[in-house]
Amino acid sequence: MTDPNNQMPSVEPETDTRFSIEDDVETTNTRSFSQGQLVRRRFLRHKAAMVSLVILIFIVLLAITSIGYGPIPGWWDKTFIDTYPKLGNGEPTVKLWPPSIGEHPFGQDTTGKDYFALVMRGVQQSLLIAFTVGILATVVGTAIGAIAGFYRGITEAFLMRMTDLFIIIPTLVLAAVLGRMAGGNIVMLALVLALVSWTGLARLVRGEVLSLREREFVMAARALGTPGPRIIVRHILPNALGTIVVNATLLISAAILTETALSFLGFGVRAPDTSLGLLVSTYQTALTGRPWLFWIPGMFILVFSLCINFIGDGLRDAFDPRQQMD
Amino acid sequence: MIRYIAKRLGISFLILVLGSFLMFVLTINSGDPLAEYRESNSPNRENLIKQRIAHMGLNDPWYERYWNWLTGVFRGDLGQDIKGQGVNDLVVQAAGSTLRLVVIATVLAIVIGVILGVLTAIRQYSGFDYAVTFMAFVFFSLPVFWAAVLLKHYAAIEFNNWIVEARFTPIQIVVVAVVLAFILVAALGGPWKQRLISFGIAAVVFAGALFYFSAVQWFRRPMLGVPLYAVVVLAAAVIVLMLTSGPQNKRVRNAIALTALLSIVGYAVMRGPLMANPTTLMLFLCFLGGIAAAVVSGLALGGFSRKQAIIASCLVAVVASGVALADLMLSNWNSYLTQNPRPIPTIGSATPNFSSDYWGHFIDAATHLVLPTVVLTLISIASYTRYTRASMLDVLNQDYIRTARSKGVSERKVITRHAFRNSLIPLATIVAFDFAGLIGGAVITETVFGWQGMGNMFKVGLAAVDPPPVMAFYLVTGTAAVVMNLLADIAYAFLDPRIAR
């Protein structure tokens with residue numbers, strides 16, 4: 001896990017050792033790849049990102065298959081709503097050796113609910129919120145930032161003042177007010193968070209575009225008569241892709257943390273439904289008596305957010321057009 | 001430029017008003033302010049409800065309520081909260097503690113984050129880079145209050161138990177010294193042999209220092225005193241010199257040396273009075289005096305590199321003032337400990353019913369700041385480190401850096417003069433953005449640590465669907481955000497002439 005970045009470009013040894021002029025010409029020059037292939041190859045070689053991706057997929061699969069989603073049943077036999085007879089103090093029954101998960105692998109909460117099912121439900125809800133926010137906010141933020149930065153003038157003034165309007169209201173504050181209105185509805189909460197979190201990306205993209213539009217290749221495209229939207233999409237955004245992708249992942253992890261914060265303040269998800277944030281805030285006083293009730297959902301938030309950030313880092317390196325690889 | 005700033009301020013003002021409208025409408029529609037009475041069985045329920053409707057003007061249409069609030073604000077009256085308390089008083093009490101928290105955390109995070117970011121960019125793909133990156137990711141991924149609760153539970157209580165004796169066991173000394181030396185060497189880099197030697201020296205020095213600190217219980221009665229102060233300030237001056245102009249520039253070197261000397265002499269003279277009966281004004285004047293000395297020595301000795309000399313000397317003066325303040329606090333630590341044997345509190349922004357001298361109260365406020373500041377700083381350090389690293393790497397790959405290197409500019413100069421300044425450009429946006437985010441984070445932190453700050457005011461206000469406190473919070477944070485954004489844009493234009501208007 002301590003390898004979050006790409007290694008320096010390494011030359012793959014060619015297995016073909018025949019020497020002839022034609023082969024030499026073909027093999028000494030690197031094979032050509034499309035941009036997409038290059039990105040994919042670089043990303044697949046990014047160890048930390050790949051490890052994170054595997055962990056993330058594992059968590060997602062675990063959360064969805066274990067307790068099912070909506071009408072689809074899962075393989076775990078307990079629900080996050082029912083209470084069960086308490087075993088002891090409700091300690092986690094998972095054992096590393098001999099490996100067994102026992103009756104309640106993550107223990108039971110104070111009322112006897114199965115904590116594994118509760119946490120899985122929390123993961124599901126946090127996932128739903130995180131990805132909705134990440135996608136929506138990225139699209140909105142990129143579009144607004146790129147248009148403002150490229151066209152400047154009155155368009156920029158209008159769009160950036162609109163962005164300012166959202167920026168001067170602290171994200172958490174606006175989210176708290178809207179979240180209170182949403183009344184614990186998960187999808188509404190996700191929309192609310194998306195509505196408040198695109199601003200930073202818009203400003204960053206605008207800054208990047210302001211700088212990029214003065215570069216020679218944009219001037220060249222202009223001189224050739226390329227229309228504005230095409231310059232933005234083909235020439236400017238690919239160069240800003242690193243910023244956008246990194247921020248998309250930051251947005252996803254920030255959305256998880258904001259949801260956590262909202263639930264903590266009591267303006268987010270509400271019981272009987274649950275989320276990781278609600279679990280942690282409910283059991284913050286349990287740290288002395290039943291520490292697992294506090295640690296487990298917190299660790300899930302941390303690991304989840306960490307994985308997303310590492311994947312973002314891997315994507316950043318992979319998208320970087322200046323990074324030569326093979 | 002002034003016209004531009006005036007125009008921006010005008011627009012920001014309009015945005016602020018527009019935002020207040022949005023916030024007000026959202027807040028009054030976010031719930032039912034009468035909810036607590038609707039569920040109560042109190043005999044005078046109807047009466048209470050009527051009272052509250054009259055008090056909050058709930059029967060007025062929303063635009064009238066907003067107008068009343070807005071005109072009130074322009075008259076300098078933020079209204080009354082749901083219990084009839086004046087919001088003006090609430091804000092005055094709350095804003096101080098919150099801004100103190102946020103400003104300290106921001107400054108710390110920027111300084112540490114930028115340093116780490118630059119170091120990791122220079123040592124890209126080294127063990128140090130990986131370790132810092134990993135830690136940055138972990139901190140970035142931490143839920144604020146989860147970390148806060150854990151810190152409260154483990155760090156604070158453990159420290160308070162330890163400070164009673166303030167001694168290290170031999171094993172602790174060895175482990176801490178090795179770890180510190182390892183971090184130092186990882187950050188320094190260099191060939192393996194050099195690293196091994198510096199690791200050995202650093203480990204021995206750290207172990208010796210820790211042994212000494214433990215033996216004299218330094219952490220119970222710490223103190224620098226004037227001689228050590230002089231050493232620290234001179235070291236800081238050397239570092240500043242290396243980072244700004246380099247030792248070749250005689251003018252800057254002399255200006256910095258004079259500033260450091262003046263600071264040491266000044267502190268030696270002022271230490272007595274400052275220990276005995278200090279006032280905030282006096283401290284502030286001393287700080288101003290330091291800056292004035294720096295400017296004067298820059299002007300006098302700077303010659304043609306006057307501008308650079310003044311900036312560098314001012315940096316030295318700021319560091320010297322900081323060290324002086326730290327020494328004064330350290331010197332009074334012991335008397336604070338005797339009054340307050342468990343020094344790191346987990347709740348509140350001041351010890352209730354605490355009576356002491358000036359430094360006692362000063363340290364009391366500082367110890368209450370420790371945990372919330374650590375939480376906020378850790379979380380925003382991560383983003384500063386990451387962004388600085390990314391933009392530094394970006395700049396280091398540019399052609400003009402290669403040109404500079406190939407014409408023989410020293411690596412130090414390439415990094416401090418050519419690369420570093422340009423890598424700060426994207427950071428200007430981040431700072432403004434992060435500041436607003438930190439205020440949001442402060443809402444959480446205040447809740448966890450039980451501070452009676454702005455965040456608490458907002459939270460209670462929103463839970464009760466009570467617009468005046470919520471709007472007051474918005475006004476303060478919104479104004480702060482506007483100012484920060486304006487500063488960021490000015491800095492942007494200043495740092496990148498390509499987009500200067």
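The model is predicted: local features need pLDDT of at least 70, side-chain atom pairs count only at pLDDT 80 or more, and totals for chains, interfaces and linings use all residues. Residues are numbered from 1 along each chain as its sequence is written, and chains are lettered from A in the order in which they are written.

**Chain A**

The secondary structure of chain A comes to 12 helices and zero strands; helices (H or I, at least four residues) and strands (E, at least two) are DSSP runs, numbered from the N terminus. Of the 326 residues in chain A, 48% are buried, a residue being buried if 20 or more other C-beta atoms lie within 10 Å of its own, exposed if 12 or fewer, and partly exposed in between, with C-beta atoms placed from the backbone. Two residues are in contact if their C-beta atoms lie within 7 Å. Among contacts in chain A between residues at least 6 apart in sequence, 70% join residues at least 24 apart.

**Nonpolar cores**

A nonpolar core is a set of buried Ala, Val, Leu, Ile, Met, Phe, Trp, Tyr and Cys residues joined through C-beta atoms within 7 Å. The largest nonpolar core has 170 residues, of which Val119(A), Val133(A) and Leu193(A) touch the most other members. Helix H10 (residues 228–265) of chain A supplies the largest share of this core, 19 residues. A second, separate core of 29 residues includes Leu258(B), Leu301(B), Ala312(B) and Leu315(B). Not counting residues up to four places away in sequence, Leu193(A) touches Ile129(A), Val133(A), Ala175(A), Ala255(A), Thr258(A) and Glu259(A).

**Helix packing**

Axes are lines fitted to C-alpha atoms, for helices over the stretch in contact, and angles run from 0 to 180 degrees between N-to-C directions.

| Helix pair | Axis separation | Crossing angle |
|---|---|---|
| H8(B) and H9(B) | within 8 Å | roughly 140 degrees |
| H6(A) and H7(A) | within 9 Å | roughly 155 degrees |
| H12(A) and H6(B) | 8 Å | about 130 degrees |

Angles under 35 degrees count as roughly parallel, over 145 as roughly antiparallel, 65 to 115 as roughly perpendicular and the rest as oblique. With a crossing angle of roughly 155 degrees, H6(A) is therefore roughly antiparallel to H7(A). Their contact is made by Thr171(A), Leu174(A), Ala175(A), Leu178(A), Gly179(A) and Ala182(A) of H6(A) and by Met188(A), Leu189(A), Val192(A), Leu193(A), Val196(A) and Ser197(A) of H7(A). These residues divide into nine nonpolar, three polar and no charged; Ala, Val, Leu, Ile, Met, Phe, Trp, Tyr, Cys and Pro count as nonpolar, Asp, Glu, Lys and Arg as charged, and the others, Gly among them, as polar.

In chain B, the axes of H8(B) and H9(B) cross at roughly 140 degrees, so H8(B) is oblique to H9(B). The contact of these helices has 18 nonpolar, two polar and one charged residues.

**Contact between the chains**

In the model, 47 residues of chain A are in contact with 51 residues of chain B. H6(A) gives the largest share of the side of chain A that touches chain B, eight residues. By class, that side has 26 nonpolar, 14 polar and seven charged residues.

H12(A) and H6(B) pack at about 130 degrees, so H12(A) is oblique to H6(B). Leu306(A), Asn309(A) and Phe310(A) of H12(A) meet Phe137(B), Val138(B) and Phe140(B) of H6(B). This contact has five nonpolar, one polar and no charged residues.
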